[in-house]
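The sequence and structure are shown first.

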Amino acid sequence: MAAFRLKALGAVATATGASWAALTLLSTPASAGDREALALEDARRRVADPTAAVPPREIQEAALMGASATSPLDVLVIGGGATGCGVALDAASRGLRVGLVERDDFSSGSSSRSTKLIHGGVRYLEKAVFNLDYGQLKLVFHALKERKQVIENAPHLCHALPCMTPCFDWLEVVYYWAGLKLYDLVAGRRMLHLSRYYSSDESIELFPTLARKGHNRSLKGTVVYYDGQMNDSRLNIGLACTAALLGASVLNHAEVISLIMDASNERVIGARVRNNLSGKEFDTYAKVTVNAAGPFCDSVRRMANKNALNMICPSSGVHIVLPDYYSPEGMGLIVPKTKDGRVVFMLPWLGRTVAGTTDSSTVITMLPEPREDEIQFILDAICDYLNVQVRRSDVLSAWSGIRPLAMDPSAKNTESISRDHVVHEDHPGLITITGGKWTTYRSMAEDAVDAAIRSGQLTPSSGCVTEQLHIVGGDGWEPASFTILAQRFTRRKKSYRGKIVPGLMDSSISKHLSHAYGTMAEKVAGIAQNENLGKKLAHGYPFLEAEVAYCARHEYCESAIDFIARRSRLAFLDTDAARRALPLVIDILSSEHKWDKTRKKLELQKSIEFLETFKSSKNAQFNDGKLTGTSTTWAST
Ligand SMILES: Cc1cc2nc3c(=O)[nH]c(=O)nc-3n(C[C@H](O)[C@H](O)[C@H](O)COP(=O)(O)OP(=O)(O)OC[C@H]3O[C@@H](n4cnc5c(N)ncnc54)[C@H](O)[C@@H]3O)c2cc1C
């Protein structure tokens, strides 16, 4: 009986934890520091609670609809990329009433199409030194600080990655060694690991496919330095879900189609939103609207002022994915200057190799596609540094992304494109946050929320606490957490004859689940074990059926594309494998979301069209002759 009472008391205490913290905040005249400590403790408890779940989509939509002119949200965020979700999380953790709408899926824009590096920007350091440019040096300091923070707050999704720079004469060795030592020095206590020189023999041992000769010069050695690497879209989904756990009403597949202005003073006071899944439109109101629409932020600004000048200077970057054997598991290769002066890199990522190069100017489109000459350029450039041939037919996937480089409209020199971010209120009530990079999303969000507080005279319960706030799944996660999954769980699956058979939760699967979902991986493994959803979705990849069900229930996964592109990364890793996984993915989503036959057919058709924008060797117009006859477009059955 006493035990029961204690348990009940515990439950009540937990349930009222949030309100108690809020009450404490209100009733005690605490200092700013005390308020932040309390807010952080409260946020941490809510995010780390293993029984907590994000509110269903319907509740989120109803909350947005319920925000009226007389009872508005504090902040409405437009855009669910890294920046927008970072803003929603920052504002919600300061106790503000927040809504976020994303017209496609969280991370469907640039934020799932990055190089996946969390970096300080070695190249900006070079510019800082050679141009004696303090602005560039400040950028590097800032990014290095944020790099450490991102890795600490989402340790399951981010890690330090050694990157090798090959040197073909002794002058290069000295130049890169000195430069990268300076990078270490600037990072100071935020350094991940010390950079160092390796002889050519040691380098080949570490990176067996590295060429000993390049352009008639022999390899003199390599300099290895460290930056961070992430699973970008999963981190983005983590930000959206963490914000939702802290009370933000986040809604994907919901597009702002116009802004609502106060007739008396022209201030932006809300937005008209269309639910792109149901077609339903509604109004939502907010004291301040934050425009985080990335490359599309000028189109949102023009909803308020059709004469607004462009802030965005779009630049596109292409990546290709190759089999794992081109690069060793824990080592990247970065060539800062190829023969035509571009950067080229090959990085291990989720069991495959990502290769790419720097940007070229582009136009803004929703689904950018890599051009064949861009893919060929990357293949040619990396071939120069490898002792094996890299063939077009090896390309498993290829994608393009648009970088929202920003010009500050309030800067004196409007020609200058900044690698820094810009926060700008060019219309009352509408704050645009853009530019910057993935690495700095957290501080970009902090600056945008500070600006929103000033603009809307908002009264947050505390200052910014996101520096020390883990993303959902990150609190309590350890690199060895995967062993618990392997020890405790089996994955039960239906055999081809419909019989239930047990399967092993081997280390490749348990490592994948542990990294992708952090401490939430046990929930996914539980579904695999208890609901007979333990089959792999595609041969050669660790993604399980259970993940589809988990993502539909806990991560707002509303379509097959949401799953293959942003929840799992199959579309990015291997478009053919993603295509093969589609029937299973659609079946599971259909039973989670109660889809009819027409919707299932539509999902398949849309997914195939989407995959055609990823130019693997299978769907490219080109191949190297080995696979003649395979460059067909997929039939939509
Ligand atoms: C090729 C490439 C490589 C990169 N590599 C790196 C890297 O390695 N490291 C790094 O730190 N950074 C990198 N970046 C930069 C980084 O990816 C971007 O700075 C960052 O993702 C921008 O995020 P965002 O949220 O501002 O934009 P986005 O991710 O594009 O998000 C904007 C969102 O707004 C939505 N939206 C637009 N209009 C509306 C509307 N009317 N209503 C509702 N929603 C709307 C869009 O659908 C979109 O999802 C790279 C960028 C590119 C292109």
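The model is a predicted one.

The domain assignment divides the protein chain into domain 1 (57-111 + 246-310 + 408-416 + 428-468), domain 2 (115-233 + 313-405) and domain 3 (481-611).

Between their C-alpha centres lies a distance of 31 Å. The contact involves 10 residues of domain 2 and 11 residues of domain 3. On the domain 2 side of this contact, 5 residues are nonpolar, 4 polar and 1 charged.

| Helix pair | Angle between axes | Separation of axes |
|---|---|---|
| α14 (residues 481-488) and α15 (residues 507-517) | about 130° | 8 Å |
| α16 (residues 521-530) and α17 (residues 545-554) | roughly 120° | within 8 Å |
| α20 (residues 575-593) and α21 (residues 597-611) | about 155° | 10 Å |

The pair α14 and α15 packs at about 130°, and the two helices are therefore oblique to each other. The crossing in which α14 passes α15 is right-handed. From α14, the residues Ser 481, Phe 482, Leu 485 and Ala 486 meet Ser 507, Ser 510, Lys 511, Leu 513 and Ser 514 of α15. This contact of α14 with α15 has 4 nonpolar, 4 polar and 1 charged residues.

For α16 and α17, the axes cross at roughly 120°, and this pair is therefore likewise classed as oblique. α16 passes α17 in a crossing that is right-handed. Here Lys 523, Val 524, Ile 527 and Ala 528 of α16 meet Ala 546, Glu 547, Ala 549 and Tyr 550 of α17. The contact of α16 with α17 contains 6 nonpolar and 2 charged residues, with no polar residue.

How are α20 and α21 oriented to each other? Their packing angle is about 155°; because angles over 145 degrees count as roughly antiparallel, α20 and α21 are roughly antiparallel to each other. The passage of α20 across α21 is a right-handed crossing. On the α20 side, the contact is formed by Thr 575, Ala 578, Arg 579, Leu 582, Ile 586 and Ser 590, and on the α21 side by Lys 600, Glu 603, Leu 604, Ser 607, Ile 608 and Leu 611. By class, the residues of the contact of α20 with α21 are 6 nonpolar, 3 polar and 3 charged.

Of the helix pairs, α14 with α15 is oblique, α16 with α17 is oblique, and α20 with α21 is roughly antiparallel.

Conventions: Residues are numbered from 1 along each chain as its sequence is written. This is a predicted model: local features need pLDDT of at least 70, side-chain atom pairs count only at pLDDT 80 or more; totals for chains, interfaces and linings use all residues. Domain bounds come from an automatic or database domain assignment. Two residues are in contact if their C-beta atoms, placed from the backbone, lie within 7 Å. Ala, Val, Leu, Ile, Met, Phe, Trp, Tyr, Cys and Pro count as nonpolar, Asp, Glu, Lys and Arg as charged, and the others, Gly among them, as polar. Axes are lines fitted to C-alpha atoms, for helices over the stretch in contact, and angles run from 0 to 180 degrees between N-to-C directions. Helices (H or I, at least four residues) and strands (E, at least two) are DSSP runs, numbered from the N terminus. Angles under 35 degrees count as roughly parallel, over 145 as roughly antiparallel, 65 to 115 as roughly perpendicular and the rest as oblique. A crossing is left-handed if the near helix is turned anticlockwise from the far one by less than a right angle, and right-handed if clockwise.
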